[in-house]
Amino acid sequence: MSHLSERPEVGEIGRSIAHESAALHVTGKALYTDDLVARTRDVLHAWPVQAPHARAAITSLDVAGAYEVPGVVRVLTAADVPGVNDAGVKHDEPLFPDEVRFFGHAVCWVLAETLEAARLGGLAVEVTYDPLPSLITVKEAIEAHAFQGAQPTVERGDVSTGLEGAAQVFSGELEFAGQEHFYLETHCALAYVDEGGQVFVQSSTQHPSETQEIVAHVLGLRSHEVTVQCLRMGGAFGGKEMQPHGFAAIAALGSILTGRPVRLRLNRTQDLTMTGKRHGFHADWRVGFDDEGRIHALEATLTSDGGWSLDLSEPVLARALCHIDNAYWVPNIRVTGRIAQTNKTSQTAFRGFGGPQGMIVIEDILGRCAPLLGLDADELRGRNFYGPDQTTPYGQPVRHPERIRAVWDQVLEAGDVARRRGEIADFNAAHPDTKRALALTPVKFGISFNLTAFNQAGALVHVYKDGSVLINHGGTEMGQGLHTKMLQVAATTLGLPLSAVRLAPTRTDKVPNTSATAASSGADLNGGAVKNACEQIRERLLQVAAGGLGVAAADVRIADGKVTALGRGGVALSWGELVRTAYFQRVQLSAAGYYRTEGLHWDSSVMHGSPFKYFAYGAAAAEVEVDGFTGAYTTRRVDIVHDVGDSLSPLIDIGQIEGGFVQGAGWLTLEDLRWDESDGPTRGRLATQAASTYKLPSFSEMPTDFRVTLLERAHEEGSVYGSKAVGEPPLMLAFSVREALRQAAAAFGPEGTSVDLASPATPEAVWWALSEARRGHETGHLLEGKPGVKPEAADQDAPPRLPESEVARLARPHLLTEA
Amino acid sequence: MSTPSVTVNGRTEPVGSIAPHLTALDWLRDLGLTGSKEGCAEGECGACAIMIARPAATGTEPTEWVAINACLIPVAGLDGQEVLTAEGLGSPTDLHPVQHELAVRGGSQCGYCTPGFICSMAAEYYRADRHATSATAAPVAAANGTDHGGVDPNQPGAEADAEHGPNGFDLHALSGNLCRCTGYRPIRDAAFALGGPPVDDGFAERRAQAPPAPRATRISADSGEFHRPADLPEALQLLADRPEALVVAGCTDWGVEVNIRGSRAPLVVAVDRLEELRSLTVNDAHIRLGAALTLSEIERCLDGEIPLLAEMLPQFASRLIRNGATLGGNLGTGSPIGDAPPALLALEAELLLASVDGERVVPLADYFTGYRQSVRARHELIKEIIVPRPLARLASFHKIAKRRFDDISSVAVAFAFDVTDGVVRRAHIGLGGVAATPIRALDAEAALVGQPWSAEIVREAAQVMAQEGTPLDDHRASAGYRAGMLGQALLKFHAQHPEPRPEGVPA
């Protein structure tokens with residue numbers, strides 16, 4: 001067992017405890033960025049002027065009217081930017097644009113004494129536009145060959161020969177929607193110039209270091225002149241990884257120009273219309289199966305809807321290509337990816353980061369093809385699971401493939417699936433207008449940033465003379481319980497009760513050069529760093545104790561705040577006494593911790609390597625009931641078995657699994673982004689730009705019966721205390737709901753009906769699907785030999801994909817970003 | 001007239017010089033009470049929820065705690081009232097039972113929605129007619145165990161029970177609160193684990209005292225006026241004198257206009273506490289519903305007396321909204337997608353309109369004249385909604401929406417039928433969402449009345465019904481789906497009631 005993953009017999013790790021801020025949450029005392037406004041004097045409020053065109057040249061901008069509005073103090077425009085007029089790391093996101101690139105693009109910002117005055121000031125700004133042709137849908141962009149960024153291909157074996165040699169070949173097409181993060185706390189920043197003359201930005205950001213870098217480059221400052229703090233976020237889900245930077249920069253710019261604190265908080269409609277979302281994709285594919293239903297070859301082209309700028313679209317696409325296999329062995333495969341450039345918000349990271357978009361393709365293929373192959377969908381999936389000594393299409397060995405079967409079988413058993421399937425068949429036979437179905441899907445998700453350089457973290461741990469401990473680390477808290485886990489790691493490593501350790505808010509002057517809290521890696525990376533810092537202090541203290549007690553350091557134990565020596569019996573020293581002794585012996589009581597994930601390599605120019613530390617596994621069984629009159633449905637029961645390694649904090653991990661699942665189900669069934677695709681005057685406008693029109697899951701979508709189990713004996717070698725990441729993988733367990741809906745819709749038709757289901761599978765989509773099934777048609781799938789879909793190859797003109805080493809050599813300070 | 005003030009968590013706070021449209025939420029946050037959050041500013045997410053002390057709709061105690069959306073009501077409307085927020089319920093070192101249950105069960109992750117959930121849960125916790133349905137509390141979820149207290153869906157009646165805890169907790173109390181992190185299960189378990197308030201609970205004791213009386217209020221600023229008249233004659237005179245006046249009750253519609261569309265009115269007149277608009281009377285000929293009763297009050301006071309409304313009301317928005325919204329408001333705005341008009345059309349309701357010139361009765365069927373247009377004159381108030389008796393014996397409300405709790409209908413269909421000896425004697429069908437106004441499905445009705453209640457006749461009538469109205473494509477649904485749902489609704493209604501109960505047995 002590795003040193004990092006080894007667990008002491010006693011410690012706070014593995015205990016089920018509530019979120020470290022739970023008592024603050026429930027009493028309204030937990031502070032978020034915008035809560036600081038009430039305790040800050042002379043704050044100015046910012047309001048954007050948003051363009052009413054999907055694409056247009058700005059021919060004039062007259063801000064004079066705004067200054068006529070009482071309370072307006074300043075209007076920020078491009079002319080005010082002392083540094084770089086760009087909000088991103090790719091230099092394709094002007095902070096103040098001269099060409100509008102999406103409906104709602106902010107042209108300039110008004111600062112005023114009150115939000116109402118800023119709003120009225122915004123109405124008084126006069127902008128004239130020269131509308132330009134726009135692309136709204138992915139299909140329009142594909143037709144226009146409007147792509148951005150590289151067009152990578154993951155390839156193994158020989159697809160052409162594989163398809164030729166297959167017993168059955170199917171082809172099809174799938175287009176699926178994106179998803180709005182809908183973190184309950186919208187984007188927010190509060191910036192001021194502090195007493196030391198530095199720019200201090202309170203920001204709701206998953207990536208304080210990058211927010212700091214962008215603020216600095218917009219202001220023309222060095223990073224050491226800017227500090228960013230993130231108290232906590234009211235949800236983020238990837239939406240605050242890249243997107244907060246520009247808003248923080250606007251607030252910081254305003255505070256420098258006015259000398260006053262500036263608050264920028266988007267209201268919900270601004271947040272929905274201005275910030276990026278999960279990428280929707282278009283996919284076309286051909287798949288060949290052998291006589292036993294095993295996948296022989298898969299060829300696919302995935303085109304993501306990137307929106308107006310690149311943002312994180314390239315790494316999102318890379319992860320999609322790296323997850324199209326999900327839990328299945330595909331011997332011959334060629335998957336090409338492209339990023340459409342459309343006149344929409346710049347789509348970005350969202351929990352799963354392309355993983356869900358890759359997996360939905362293979363799960364859709366298996367769900368549609370199972371009836372055509374005459375197999376149960378479970379059987380088809382099971383036959384294709386990875387086995388021993390197999391590798392992913394990008395060349396990474398699949399370690400612990402037996403866990404796929406383990407979680408699957410455990411779900412079958414715990415969910416009493418065989419018996420319930422019988423009941424469902426009886427129910428369906430007796431109910432012509434209502435159908436039930438139960439479907440299982442697996443998840444295999446790679447953990448680590450694809451790009452190796454991001455897999456590092458830092459921490460800062462102080463022990464004060466009174467024995468109290470303060471920890472800082474580079475990760476941010478967005479509700480996922482990272483801080484709770486870090487407190488448990490620190491307390492366990494130092495041998496203290498939780499109450500002895502306190503955690504301070506994340507800020508860039510405590511731990512520098514951090515990676516985003518993203519890719520589910522927060523606890524893996526920061527846990528490694530916190531543990532490392534605590535171990536340094538602990539080693540020093542063991543020496544002090546050993547000297548004082550006259551024993552070898554190896555024989556000293558610190559647990560629950562008590563210091564003992566092996567063979568001596570009883571408590572020899574208290575923690576406090578040991579710390580005081582160390583201080584007087586001039587032993588350093590603080591440490592900077594550092595961690596980097598070992599054993600990773602990835603060459604993005606050929607999309608090959610072992611980018612992931614390990615895979616997280618899980619399986620879910622979902623039962624739904626569909627009303628044949630309306631397509632409305634309920635999720636009756638969900639059983640999940642998920643692999644989190646040896647859990648650091650079970651209550652937190654179960655919360656991540658349940659919450660991720662429901663969020664995934666929201667994406668796949670309910671959440672319905674609608675853009676104006678017409679040629680009318682509001683072309684490109686997001687029609688669902690409020691909570692009243694964009695519906696996320698509420699209590700009525702919660703599975704009536706929801707059972708989550710953590711896989712036991714799941715120790716993960718070489719990760720912090722044997723645990724695994726949990727943030728993203730469970731989201732993809734929600735494919736079970738989509739597949740259950742597909743099977744329920746099929747049950748309205750004759751045996752063997754293959755159902756095409758739109759995504760999201762809203763009641764309307766399910767009704768169309770079941771209406772089609774009732775007519776008894778086979779739809780969508782075209783057997784080879786008929787005019788089928790031919791996946792397109794990458795564009796010859798696409799920019800080259802840079803190998804990782806080359807990226808590093810370019811040394812552009814802001815080039816590296818990913819989740 | 002006294003200086004406007006609001007009692008917040010036991011402390012009386014002067015409202016101060018404010019803009020009349022300033023929301024209670026922004027005012028509370030300016031006080032430094034940051035527990036209530038803005039998540040959507042249109043009463044959809046509940047992050048802003050607070051509790052207020054109101055006259056109890058039912059029961060023996062005069063006061064009840066009611067949760068509402070602080071983002072929708074102007075603070076001016078709370079003059080003289082008592083507000084309770086998450087901060088007032090407990091502190092981190094002295095948690096209220098509701099706060100304790102939610103905290104220890106993992107009911108908060110990011111915590112942003114949490115204070116709002118706390119307020120909605122606490123209001124339900126203190127609901128006087130919440131009674132345990134069984135002696136045992138919900139099972140405690142083992143943190144790493146396999147069973148999270150799920151209800152066995154195979155047990156009879158489990159569908160209904162899934163929304164009601166063994167402690168009587170009605171999950172619909174949380175229908176207006178959104179959480180993006182937890183997936184809701186731990187919140188449900190916390191809600192279903194709550195016991196009753198202990199004997200010395202001050203918030204429970206508050207219910208035994210009289211509620212704060214409505215206070216006549218007049219606030220004016222450069223940006224407009226807020227006026228709460230003392231009685232109906234004053235209100236009617238004000239409407240007659242000031243044609244620019246905008247009438248509000250719970251502000252569940254106007255608050256959205258203010259927050260989302262930046263609307264500002266020169267004069268807002270609040271009528272929600274006028275006693276003349278808040279009576280509910282039942283006699284042999286009519287049921288008369290005061291236009292300013294909240295939907296929650298109607299729901300509880302009627303207690304199933306009008307089965308069609310009993311089916312419709314729980315599907316109408318959320319509990320937080322129903323605690324403010326009124327029938328007068330829903331009809332006054334004239335929205336074509338409100339859920340009340342189709343039901344009231346099917347019930348053949350009439351409206352009593354009042355003005356300084358007197359009162360008149362208008363059948364609801366004649367009330368709507370166009371998109372958000374009606375025959376109501378600017379100076380008229382809706383005083384009562386009159387439902388004639390006897391009611392149809394067969395009634396059903398079908399709401400087509402993406403989400404079951406708190407969504408806007410893409411199509412709403414209300415049925416009120418009488419079937420005697422297998423023949424349809426009365427067929428009233430109200431439709432929402434398929435035309436510029438709520439309408440009756442007159443052609444489908446004609447195809448049914450006098451005909452046998454048979455699958456064949458219903459199939460033919462369903463085809464007629466699918467042609468009713470002029471449904472549109474929008475982000476909620478396609479025109480094809482809307483039309484399809486019209487026909488399907490009749491088929492479903494028939495499938496649910498293939499052989500109606502014999503005469504004399506209530507539906």
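Modeller: A helix axis is a line fitted to C-alpha atoms over the stretch in contact, and angles run from 0 to 180 degrees between N-to-C directions. The model is predicted.

Colleague: Are helix H6 and helix H7 of chain A roughly parallel, roughly perpendicular or oblique?
Modeller: H6 (residues 208–219) and H7 (residues 244–258) of chain A have axes that come within 9 Å and cross at roughly 45 degrees. Roughly parallel needs an angle under 35 degrees, and roughly perpendicular needs 65 to 115. That angle therefore makes H6(A), relative to H7(A), oblique.

Colleague: How many nonpolar residues are in the contact of H6(A) with H7(A)?
Modeller: H6(A) brings A:Glu210, A:Thr211, A:Ile214, A:Val215, A:Val218 and A:Leu219. Among their partners in H7(A) are A:Pro244, A:His245, A:Ala248 and A:Leu253. By class, the contact has two polar residues, one charged, and nonpolar residues numbering 10.

Colleague: Which residues of H18(A) make the contact with H10(A)?
Modeller: Helix H10 (residues 355–373) and helix H18 (residues 735–746) of chain A cross at roughly 25 degrees, their axes coming within 11 Å. They are therefore roughly parallel, and their crossing is right-handed. H10(A) contributes A:Met359, A:Ile360, A:Glu363, A:Gly367 and A:Pro371; H18(A) contributes A:Phe735, A:Glu739, A:Arg742 and A:Ala746.

Colleague: And how many charged residues are in that contact of H10(A) with H18(A)?
Modeller: Five of its residues are nonpolar. One is polar, and the charged ones number three.

Colleague: Which residue just after H15(A) takes a positive phi?
Modeller: Helix H15 of chain A covers residues 522–549. Its 28 residues reach 39 Å from first C-alpha to last, close to the expected 40 Å. Just after H15(A), a positive phi of about 70 degrees belongs to A:Gly550.

Colleague: What is the bridge partner of A:Val626 in E28(A)?
Modeller: Strands E27 (residues 614–627) and E28 (residues 633–642) of chain A run antiparallel, joined by nine bridges. For A:Val626 the partner in E28(A) is A:Tyr633.

Colleague: Which helix supplies the largest share of the side of chain B that touches chain A?
Modeller: 74 residues of chain B are in contact with 75 of chain A. Several chain B helices each supply at least two residues to that side, including H1 (24–30), H4 (114–125) and H17 (479–496). The largest share, six residues, comes from H17(B).

Colleague: Which residue takes a positive phi in the hairpin of E1(B) and E2(B)?
Modeller: E1 (residues 5–8) and E2 (residues 11–14) of chain B run antiparallel with four bridges. B:Ser5 has B:Pro14 as its bridge partner. Two residues lie between the strands, and a positive phi near 50 degrees is taken by B:Asn9.

Conventions. Residues numbered from 1 in each chain as written. Chains lettered and ligands numbered in written order. Predicted model: local features only at pLDDT ≥ 70, side-chain atom pairs only at ≥ 80, totals over all residues. Contact = placed C-beta atoms within 7 Å. Pairing = 2+ DSSP bridges. Parallel < 35°, antiparallel > 145°, perpendicular 65-115°, else oblique. Nonpolar A, V, L, I, M, F, W, Y, C, P; charged D, E, K, R; others polar. Expected span 1.5 Å × (residues − 1). Left-handed = near helix turned anticlockwise from the far one by under 90°.
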